[in-house]
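Please open the model in your viewer and keep the selection panel at hand.

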Amino acid sequence: MAKEKDNYVHENESGLQGQYKHWFLDYASYVILERAVPAMEDGLKPVQRRILHAMKEMDDGRYNKVANIIGQSMQYHPHGDASIGDALVNMGQKDLLIDTQGNWGDVRTGDDAAAARYIEARLSKFALEVAFNAKTTEWQLSYDGRKNEPVVLPMKFPLLLAQGADGIAVGLSTKILPHNFCEIIDASIKYLKGKKFELYPDFQTGGMIDVSNYNDGRRGGKVRVRAIIEELDKKTLVIRSVPYGVTTTALMESIVKANDQGKIKVKKVTDATAKDVEIMVELAAGIQTDIAIDALYAFTDCEVSISPNACVIVDQKPRFLGATELLKESVDNTKNLLQKELEIKLRELEEKWHYTSLEKIFFEEKIYKELEKKHETWDKVISAIDKAFVPFTKKLKRPVTKEDILKLTEKPVRRIYKLDIDELNAQIKGIEAEIKQVKHNLANLVDFAIAYYNNLLTKFGKGRERKTEIKLFDTIKVQQVAIANTKLYMNRAEGFIGTSLKKDEFVTECSDIDDIIVFTKRGIMKVVKVGEKTFIGKDIIHAAVFTKNDERTTYNMIYVDGASGTSYAKRFNVTGVTREKEYDLTKGDAKSKVHYFTANANGEAEVVKVVLSPNCTARNKEFEFYFEELEIKGRSSMGNQVTKYPIKSVKFKEKGRSTLAGRKLWFDDTFGRINTDEKGSYLGSFEPEDRILVVYDEGAYEITDQELTQRFDPEKVLLIEKFNPEKIITAVYLDNDKQQFNVKRFKIETTTLRIKFLFIKEGNNNRLEAVTTEEKPVLLLSQGRGTQKREQKIKITDFVDVMGWKAVGNKLVEHNKSVEMEWIPQKDKQQSQTELFT
């Protein structure tokens with residue numbers, strides 16, 4: 001009995017394990033193939049395909065209630081009305097295959113569609129043109145065996161790339177981003193012509209996209225998507241779009257969350273979205289708009305990163321393809337479908353030609369009179385007609401069948417007597433012309449496919465232009481734009497720093513994502529994250545917010561080596577470190593200690609008074625030490641010897657000058673940023689008090705500081721350079737009211753920073769045409785076209801005097817479309833380049 005029981009348990013366990021194994025695989029395969037992942041051929045998931053098929057069955061040109069469409073679709077889709085309704089609304093919101101009527105929700109705001117009984121839909125004209133053809137469709141039985149449904153729709157368009165797709169299956173997922181309708185057609189035509197093409201995502205929600213890491217939509221790729229943020233005034237920002245997949249509600253919540261965390265400071269966020277997205281962000285007092293925009297991108301959903309993962313079903317298996325491969329496969333599939341349609345049409349035309357020719361012979365040669373003869377049986381009548389056609393078989397393209405004869409005999413008698421032979425001849429000629437055209441199209445299938453795509457672009461491309469602007473995004477350094485949202489304290493004696501030590505010494509305001517650099521009396525340096533309470537080491541002598549790659553902040557230090565008793569002085573920068581690691585700035589002996597330490601933001605080198613121990617044998621027990629005599633080296637350098645005698649004290653005596661050269665700045669006209677990374681145009685070497693001049697195409701100038709967080713619109717900046725108040729600005733602008741170009745020369749008289757001053761005449765469509773700060777500017781003025789073109793070199797200083805910055809200026813030339821102008825560069829202008837390399 002025990003043995004039989006063991007066998008029973010073993011068999012049961014084996015069967016159960018086997019069932020779980022097969023059931024899981026079956027389930028996983030079902031979800032991948034039948035639920036979550038679209039097919040390569042038509043770009044549709046099964047539920048989408050069944051909805052479209054049901055709508056085609058119902059199609060009569062009028063709108064149908066969505067509730068009725070759901071009911072019709074349930075004959076093919078066995079998963080309930082909710083999944084069908086959601087899929088239908090999703091397709092309707094993409095505004096491609098389905099024409100909608102009623103409240104279908106809004107992908108920008110996240111508003112849901114109205115109930116299915118209130119909204120209506122029908123197939124769009126585009127869907128009817130590209131997605132259906134019963135003659136080229138492969139059919140299968142529906143889930144209950146009662147009806148036929150398509151295996152895939154005969155889709156003659158790269159729908160998958162146009163609509164995009166999202167799906168999560170068992171063990172894999174798919175995410176295909178939508179692309180622009182017109183660009184897809186252009187790429188399809190280029191592929192058919194054997195040319196190279198590129199495809200990048202385009203979203204209904206607009207915004208901006210950086211596709212530098214798109215990787216053709218494959219796994220491992222990534223795109224960054226940003227909302228468009230505009231400066232309404234110095235206190236208010238307006239968000240004009242939302243990133244793909246983000247709603248206005250979610251975006252506002254992310255802004256409020258970042259504000260609550262202290263990463264940005266705003267007073268109020270208001271949603272004024274109607275036809276267009278409009279979210280008003282009122283900034284807190286003292287917050288600069290440039291920094292606020294960067295902070296919104298860095299800390300909120302105004303910028304999101306999306307990782308595409310294009311997975312599709314090919315031959316009943318999931319495959320990972322790129323956007324290029326998806327388009328090529330779809331275009332090849334379209335070409336095959338067009339070939340099938342042409343071949344079917346050719347057969348139908350040949351059949352029509354055959355029957356029309358038979359009909360013509362039947363009446364023209366009076367074979368129909370065999371019907372009037374008295375034959376014994378109907379079969380003999382048919383046989384007699386068949387024999388009568390024998391002399392004319394050479395005129396036909398295939399043998400005459402019994403079915404052909406039966407069809408002829410079924411014609412009404414009245415039709416026989418009214419028959420117009422000329423009309424039949426005209427029909428035959430028309431059919432022959434059609435056959436010739438179809439054969440031509442088959443012989444030139446690529447050209448036919450190109451014409452097909454061009455026709456789609458002409459009929460349906462209007463209003464489907466790109467909505468998402470493609471541009472490179474700059475990398476925002478979050479530490480630079482983070483708002484100081486906490487206070488840092490330190491306990492020097494016990495060696496702690498942190499935000500919770502509120503009874504101890506205040507250090508600085510900082511953000512909770514900052515790094516803090518700390519130095520101790522022992523000569524130990526450490527960089528740590530901002531925390532509530534962090535132990536560094538006893539006797540802290542300096543703590544501050546750490547800026548990575550800062551080559552200007554210079555530390556001046558005098559320390560005594562514990563092993564030898566010799567004192568050394570050193571100057572060093574700290575540009576990069578490993579967080580939480582201790583760095584010994586002395587020669588390494590545990591008894592070493594720091595006598596003197598300062599941190600200098602701009603490389604200043606002070607003078608100190610060194611007092612030696614009164615008991616030492618040195619003749620001169622007091623002397624001055626000049627830090628400017630030391631070179632700035634790395635933090636690990638030993639330094640220069642100050643004295644071998646014991647030091648009693650080192651005291652600050654005199655403030656020194658900066659030993660660093662001016663800071664070299666560049667303007668990156670790709671991102672509209674000032675930088676120190678040698679990107680873009682060189683602006684010059686700047687001392688701390690130097691300013692920057694920016695002139696805009698609207699006819700305004702602005703004096704600004706060297707803050708690297710500023711952003712400028714590079715398309716609007718005509719001139720940006722180091723500001724010299726003695727330089728004369730020469731400007732040519734359009735006076736649209738008088739239809740003339742004016743020229744003026746002036747010096748900048750204002751001193752207020754970051755305020756735009758309009759220096760051209762106010763008026764609609766007035767604009768700045770050319771501007772320079774050359775000492776003796778020469779303008780090359782061109783007028784006319786072709787052989788009528790005339791060029792003239794004008795020395796502006798010869799007829800225009802220096803005037804006030806608000807002056808209208810002198811007339812230069814009448815305005816017309818052929819006027820072109822540019823400055824002739826001075827040959828001796830080498831100052832900035834020489835400065836760059838010295």
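Begin by selecting leucine 734, which lies in strand 40 (residues 729–735); strands here are DSSP runs of E with at least two residues, helices are runs of H or I with at least four, and both are numbered from the N terminus. This is a predicted model, in which local features need pLDDT of at least 70 and side-chain atom pairs count only at pLDDT 80 or more, while totals for chains, interfaces and linings use all residues. Residues are numbered from 1 along each chain as its sequence is written, and side-chain values use heavy atoms, with hydrogens and water left out.

Leucine 734 is buried, with a relative accessible area of 1%, where buried means under 20% relative accessible area, exposed means over 50%, and partly exposed is what falls in between (1.4 Å probe, protein chains only). If you then draw a line from leucine 734 to aspartate 112, the C-alpha atoms are 50 Å apart in space, and the two residues are separated by 622 residues in sequence.

Next, select arginine 754, in the loop between strand 41 (740–746) and strand 42 (756–758). Its phi is near 60°, a positive value in a residue other than glycine, and arginine 754 counts as buried because its relative accessibility is 14%.

Now move to helix 11 (residues 378–389), whose twelve residues reach 17 Å from the first C-alpha to the last, close to the 16 Å expected at 1.5 Å a residue; the expected span is 1.5 Å times one less than the number of residues. Colour Val381, Ile382, Ala384, Ile385 and Phe389, the buried residues of helix 11. They cover an arc of only 160° around the axis, so they are on the same side of helix 11, the arc being that of the directions from the helix axis to the C-beta atoms. Asp379 and Lys387 are exposed on the other side of helix 11.

Helix 15 (residues 445–460) can be viewed in the same manner: its 16 residues should span 22 Å at 1.5 Å a residue, and its end C-alpha atoms are 22 Å apart, which agrees. Its buried residues include Leu445, Ala449, Ile450, Tyr452, Tyr453, Leu456 and Phe460. Since they cover an arc of only 155° around the axis, they are on the same side of helix 15.

For the cysteines, select cysteine 182, buried at 14% relative accessibility, and then cysteine 302, buried with a relative accessible area of 0%. How many disulfides are there, by the rule that a pair of cysteine sulfur atoms lies within 2.5 Å? The count comes to zero disulfides.

Finally, zoom out to the whole chain, which has 17 helices and 48 strands. Its C-alpha atoms fill a box of roughly 155 × 115 × 50 Å along the principal axes. Of the 838 residues of the chain, 46% count as buried.

Conventions: A disulfide is a pair of cysteine sulfur atoms within 2.5 Å.
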